[in-house]
Amino acid sequence: MPVAASAIYFLNLRGDVLINRLYRDDVGGNMVDAFRMHIMQTKELGTCPVRQIGGCSFFYMRISNVYVVIVVSSNANVACAFKFVVEAVSMFKSYFGGAFDEDAIRNNFVLIYELLDEIMDFGYPQNLSPEILKLYITQEGVRSPFSSKASDKPIPNATLQVTGAVGWRREGLVYKKNEVFLDIVESVNLLMSSKGSVLRCDVTGKILMKCFLSGMPDLKLGLNDKIGLEKESQMKSRPAKSGKTIELDDVTFHQCVNLTRFNSEKTVSFVPPDGEFELMKYRITEGVNLPFRVLPTIKELGRTRMEVNVKVKSVFGAKMFALGVVVKIPVPKQTAKTSFQVTSGRAKYNAAIDCLVWKIRKFPGQTEPTLSAEVELISTMAEKKSWTKPPIQMEFQVPMFTASGLRVRFLKVWEKSGYNTVEWVRYITKAGSYEIRS
């Protein structure tokens, strides 16, 4: 496995070493001189965060008035090195009360050396969670007078937290009311031709959770995805239920998800962090339910007039509605005057973006509002160039609707004390890049 760092340096803007730590003996202690001479004292500073000088690679990042420089001589994992820097700075800020600059480093030399020894071992990153590190490195940093007051409570049972598999949740949490909030948020990306055929369409989604649960609960989430339903039917030795199933692509999970159980049972099982977090991300490319269909007709009447007719049809159920619907219809730059007729909402001409902007605050399902507009153009003596029509763009948000059809089949909460929980599930579909060629 490639290492992430042989040495790490913290420099100020003049190039002075504030603090450093050597993790391997394959680089010399004077490597920072090469960084100053070949990078800091040239115009190349900031052009590329990865540089190779001689037989060593330098990865650097500027945070406030400090340069964090990682040096490595062997084959290195660059992504891991930068991730380590980001997580380390976040951890330092947690100790220093939100500040990470030259003064914070000078005021906390001893603490930083102790932390640097813990968060990396022989060039390989270790645990960088502030919550875990504060269990056994209890020294408080010198806090900036402008930083927020410390609000971390002492956490019991440090050994279980450090060595166990639940480093993202502390023990001893107690809530009067145990609740779980789950949001499925999807963004629809669409490119449709002027004739109504779909040229490109996909959905990117994420499942957001907010947990206020006592103890160490074990949650199990079931979705109507194809693989999960097929696995459940095999385990129960009965045919799968009929209904829409979803094929999820490019699925990524939060670290709390038990991947071993997911691979064997195809269910999402996890011990959740306390508070808000992103459980998973996914993408869907087939079987997308478009919330809107747009039918535009744009006619050029001579050199100085245009006629615009746009019909927007909501495809979702009649009991549902969309919020904040905005339709942007491009017009030529030489537009002089516009007049509108709309069956719903309001429309105006926005000269800053060369668009007719049609806004509908609340858009019921199974309706077809229309916009009719006459556009007068400035007459010019120059030969008229053909106008390349940009696509029509839409913005919207549809509560309780998913373009992918993804649904929560069950959300089970188990905790040894057996308390009752209240589960809340919400669905939201938004416009990503929703474009229709006119």
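**Note on aromatic pairs, strands and selected residues**

1. Ring pairs join Phe292, Phe316, Phe363, Phe396, Phe401 and Tyr434 into a cluster. Rings of Phe, Tyr and Trp (for Trp, its six-membered ring) pair if their centres lie within 6.5 Å; planes under 30 degrees apart count as stacked, over 60 as edge-to-face and the rest as tilted.

2. This is a predicted model, in which local features need pLDDT of at least 70 and side-chain atom pairs count only at pLDDT 80 or more, while totals for chains, interfaces and linings use all residues. Residues are numbered from 1 along each chain as its sequence is written, and side-chain values use heavy atoms, with hydrogens and water left out.

3. The structure holds 17 aromatic pairs. In one of them, the ring centres of phenylalanine 10 and phenylalanine 92 are 6.1 Å apart and the planes stand at 70°, so the pair is edge-to-face. This pair links distant parts of the chain, 82 residues apart: phenylalanine 10 belongs to strand E1 (residues 7–12) and phenylalanine 92 to helix H2 (residues 78–96). Helices (H or I, at least four residues) and strands (E, at least two) are DSSP runs, numbered from the N terminus.

4. Are phenylalanine 10 and phenylalanine 92 buried or exposed? Phenylalanine 10 is buried, at a relative accessible area of 2%, and phenylalanine 92 is buried at 1%. Buried means under 20% relative accessible area, exposed over 50%, and partly exposed in between (1.4 Å probe, protein chains only).

5. Phenylalanine 59 and phenylalanine 82 form a tilted aromatic pair, with 6.0 Å from centre to centre and 45° between the planes. Here too, distant parts of the chain are linked: phenylalanine 59 is in strand E4 (residues 56–63) and phenylalanine 82 is in helix H2, 23 residues apart. Phenylalanine 59 is buried, with a relative accessible area of 4%. Phenylalanine 82 is also buried, with 19%.

6. Six of its eight residues are buried, so E4 is largely enclosed by the rest of the structure. Strand E3 (residues 50–53) pairs with E4 in the antiparallel sense over four bridges; two strands pair if DSSP finds at least two bridges between them. Arginine 51 has phenylalanine 58 in E4 as its bridge partner. E3 and E4 form a hairpin with two residues between them, and glycine 54 in the turn has a positive phi of about 65°.

7. E4 also pairs with strand E5 (residues 66–72), in the antiparallel sense and over seven bridges. The bridge partner of arginine 62 is tyrosine 67 in E5. Which residue of this hairpin takes a positive phi? Serine 64 does, near 60°, in a hairpin with two residues between the strands. Serine 64 is not a glycine, and its place is the loop between E4 and E5. Serine 64 is partly exposed, with a relative accessible area of 46%.

8. Aspartate 354 is another residue other than glycine with a positive phi, near 55°. Aspartate 354 lies in the loop between strand E18 (346–350) and strand E19 (355–364). Its relative accessible area is 15%, so aspartate 354 is buried.

9. Lysine 328 lies in strand E16 (residues 321–330) and is partly exposed, with a relative accessible area of 22%. Lysine 328 and leucine 356 are 28 residues apart in sequence and 5.7 Å apart in space, C-alpha to C-alpha. Leaving aside neighbours within four places in sequence, lysine 328 is in contact (heavy atoms within 4.5 Å) with residues including Ile353, Leu356 and Glu395. A polar contact of 3.2 Å joins the side chains of lysine 328 and glutamate 395. A polar contact is a pair of N or O atoms within 3.5 Å; within protein, one must be able to donate a hydrogen and the other to accept it, and residues adjacent in sequence count only if both atoms are side-chain atoms.

10. Four strands form an open antiparallel sheet in the order E14-E15-E20-E17. Strand E14 (292–300) and strand E17 (335–342) are the edge strands, each pairing on one side only. E17 and strand E20 (residues 370–377) pair in the antiparallel sense over seven bridges. Serine 339 stands opposite glutamate 374 in E20.
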